[in-house]
Amino acid sequence: MKENTSSNSNFIKKIIERDLKQKKYSYLQTRFPPEPNGYLHIGHAKSICLNFGLAKYYKGKCNLRFDDTNPTKENIEYINAIKKDIRWLGFQWNGEIQYSSKYFNIFKKYAIELIAKGLAYVDQLNKEEIRQYRGTLKKPGTNSPYRNRSVTENMLLFEKMENGHLPTGTACLRAKIDMSSPFMIMRDPVLYRIIFSNHHQTKDQWCIYPTYDFSHCISDSLEGITHSICTLEFQDNRRLYDWILDNITIQHRPNQYEYSRLNLEYTILSKRKLNILVNKKIVNGWDDPRMPTITGLRRRGYTPSSIRTFCQKIGITKQDNLIETSSLESCIRNELNKTAPRNMAILNPIKILLSNVPNNYQEIFTVPNHPTNNSMGFRSLPFTNELYIDYFDFHETNKKDYRGLILGQEIRLRYGYVIKAIKVKKDIKNNIINVICTCDFNTLGKNPKDRKIKGVIHWLSTKHASSATFHLYNTLFTVKNPEKEKNFLNYINPKSFLIKKGFVESNITKIKNNQVYQFEREGYFCIEKNKSNSNLIFNRIITLRNKKMQD
């Protein structure tokens with residue numbers, strides 16, 4: 001994976017190189033720590049490429065750790081999907097998979113240590129009361145009435161929590177820090193809460209669970225992480241992480257560094273909001289090709305290398321910005337332009353009848369599978385007296401800058417002859433049934449000397465075309481930054497998913513599931529896994545040029 005191990009510099013690499021040079025660490029140990037409460041998206045891909053890529057470049061190690069501290073939102077389905085996504089992107093974690101739940105006994109020991117030091121207390125305010133007591137950004141918080149309980153009383157109550165003697169929501173363990181801190185995270189954050197729910201790893205062994213903030217920094221320390229890399233929204237959390245590690249008897253101290261999260265135009269990158277899209281059935285599951293999930297991108301036809309290239313291209317900085325969708329699209333488009341064989345497909349078919357071509361006439365054209373790479377071979381393209389062309393490639397009257405077939409004028413068939421439109425046959429509703437044309441048999445591979453032919457259109461023989469369905473995907477939202485909208489659901493793009501019924505070359509029916517084609521003048525398409533196998537279905541990966549919206 002050359003694109004992930006290049007020497008392109010960023011501020012995190014400079015920090016690592018400084019630390020290794022000064023022998024602060026003799027090795028590099030990173031980690032990718034997802035919560036198993038949803039599918040990974042393109043933002044996680046940036047983190048995966050960064051953490052695994054750094055470990056590979058500096059000959060270090062990268063752990064995969066599931067921060068699984070909330071069983072009510074977690075699922076083994078998500079764990080399996082995350083493992084699959086990481087491998088698909090081309091990475092492999094160090095050793096066995098780690099789970100925060102593996103350290104539950106250790107977390108409890110450190111919680112008891114904080115209680116013994118008078119640095120944690122059992123609070124019996126409910127969730128809403130805790131929120132009210134915490135204050136606001138402009139107003140300091142107020143101490144809980146339970147804050148000054150004795151160590152002995154806190155120990156007994158914490159034991160009751162652990163033994164399941166207190167109902168959910170009636171008690172929690174909080175750190176005793178500073179309710180007047182300008183940093184909300186430091187206003188006596190919750191360290192443990194009561195949850196009666198079966199855990200995917202520990203089953204029903206526990207009814208108290210550490211919060212993410214309490215477990216995360218300790219897990220990093222226990223695993224010997226040298227550089228704990230996360231996004232900027234965890235910048236203030238670092239203060240809490242340092243406080244926790246400063247006040248427990250733990251040896252190793254990881255250093256945390258933050259970078260800007262990925263923000264992509266016309267896209268939601270919040271697992272909570274993506275979950276809403278799935279649950280409200282606005283999309284057809286986490287792997288819907290309109291979703292920015294890795295599984296959705298994979299189903300749409302994106303390749304691992306194109307995503308890695310994108311992650312390298314946008315870089316690692318501390319500056320928040322909104323990345324253009326064209327940046328991601330260009331990565332897959334540039335790759336497929338080199339690797340995808342060409343083919344012809346008609347998405348909006350109308351029929352052409354060649355009046356001077358006999359009914360039983362057939363001629364085979366040998367055409368290249370790629371315009372510049374002959375090693376990709378050639379294919380046969382049958383030509384007969386009945387053809388399909390695209391509806392938008394014919395107009396009865398001329399229009400400015402139009403280069404399709406016009407009634408009374410000529411155009412060239414791709415790889416074939418020049419034809420001329422003579423008349424149009426319509427039904428009683430004025431819909432075109434077919435266009436009657438003539439064929440100039442003296443124009444194969446050469447232009448007529450007495451006139452200029454302005455355009456080229458794609459086509460298929462009706463007798464040698466296979467029916468197909470085309471799924472056309474566009475941006476899911478109509479505004480550039482739906483994350484900023486109060487109700488992002490108001491901006492769902494009604495044209496985000498369009499279905500077309502048309503035809504493809506008959507030879508394409510033998511393609512493999514992972515085959516990608518450029519349908520000439522239409523875009524890049526991959527085969528959709530069709531359980532019924534009754535019809536070919538193609539997903540459009542990307543258009544040939546950058547287009548925000550498609551009809």
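**View A. Glu483, at 22% relative accessibility, counts as partly exposed.** On this scale, buried is under 20% relative accessible area, exposed is over 50%, and partly exposed is anything in between (1.4 Å probe, protein chains only). A quick note on what's being shown: this is a predicted model, where local features need pLDDT of at least 70 and side-chain atom pairs count only at pLDDT 80 or more, while totals for chains, interfaces and linings use all residues. Residues are numbered from 1 along each chain as its sequence is written, and side-chain values use heavy atoms, with hydrogens and water left out. Glu483 forms a salt bridge with Lys273, with 3.4 Å between the closest N and O atoms; the term calls for a side-chain nitrogen of Lys or Arg within 4 Å of a carboxyl oxygen of Asp or Glu. The two partners come from distant parts of the chain, 210 residues apart: Glu483 sits in the loop between strand E23 (465–473) and strand E24 (497–505), and Lys273 in helix H9 (residues 271–279). Helices (H or I, at least four residues) and strands (E, at least two) are DSSP runs, numbered from the N terminus.

**View B. Glu528 pairs up with Arg299 in a salt bridge whose closest N and O atoms are 2.6 Å apart.** Glu528 belongs to the loop between strand E26 (523–527) and strand E27 (536–542), and Arg299 to helix H10 (residues 294–300), so this pair ties together parts 229 residues apart in sequence. Glu528 is buried at 10% relative accessible area, while Arg299 is partly exposed at 27%.

**View C. Asp450 and Arg451 make a salt bridge, with the closest N and O atoms 2.8 Å apart.** Asp450 is exposed, with a relative accessible area of 64%. Arg451 comes in at 30% and counts as partly exposed. Elsewhere, a network of salt bridges links Arg31, Arg65, Asp67, Asp220 and Glu223. Searching the whole structure turns up 30 salt bridges.

View D. How much relative accessible area does buried Ile225 have? The value is 0%. Setting aside residues up to four places away in sequence, Ile225 touches Gln29, Thr30, Arg31, Asn63, Asp220, His252 and Pro254; contact here means heavy atoms within 4.5 Å. Thr30 and Ile225 are 195 residues apart in sequence, yet their C-alpha atoms are 5.5 Å apart in space.

**View E. Trp88 of helix H3 (residues 76–89) is partly exposed, with a relative accessible area of 21%.** Beyond neighbours within four places in sequence, Trp88 is in contact with Ile294, Arg298, Tyr302, Thr303, Pro304 and Ile307. Ser305 is 217 residues away from Trp88 along the chain, with 9.8 Å between the two C-alpha atoms.

**View F. Helix H8 (residues 237–246) has Asn237, Leu240, Tyr241, Trp243, Ile244 and Leu245 as its buried residues.** An α-helix has 3.6 residues a turn, so residues three or four places apart point the same way. The cover over the buried residues of H8 includes helix H4 (104–116), strand E5 (172–175), helix H7 (212–222) and strand E9 (255–259).

**View G. Asp188 and Lys203 each show up with a positive phi.** Most residues other than glycine have a negative phi. For Asp188, phi is about 50°; this residue is in the loop between E5 and strand E6 (190–194) and is buried at 0% relative accessibility. Phi of Lys203 is near 60°. Lys203 lies in the loop between E6 and strand E7 (208–210) and is partly exposed at 45%.

**View H. Stepping back for context, the protein has 12 helices and 27 strands.** Its radius of gyration is 31 Å, well over the 24 Å from the globule rule for 551 residues, so the protein is more spread out than a compact globule. That radius is taken over C-alpha atoms, and the rule is 2.2 Å times the number of residues to the power 0.38. The C-alpha trace spans about 100 × 55 × 40 Å along its principal axes. Buried residues make up 55% of the 551. Among contacts with a separation of 6 or more, 72% involve residues 24 or more positions apart.
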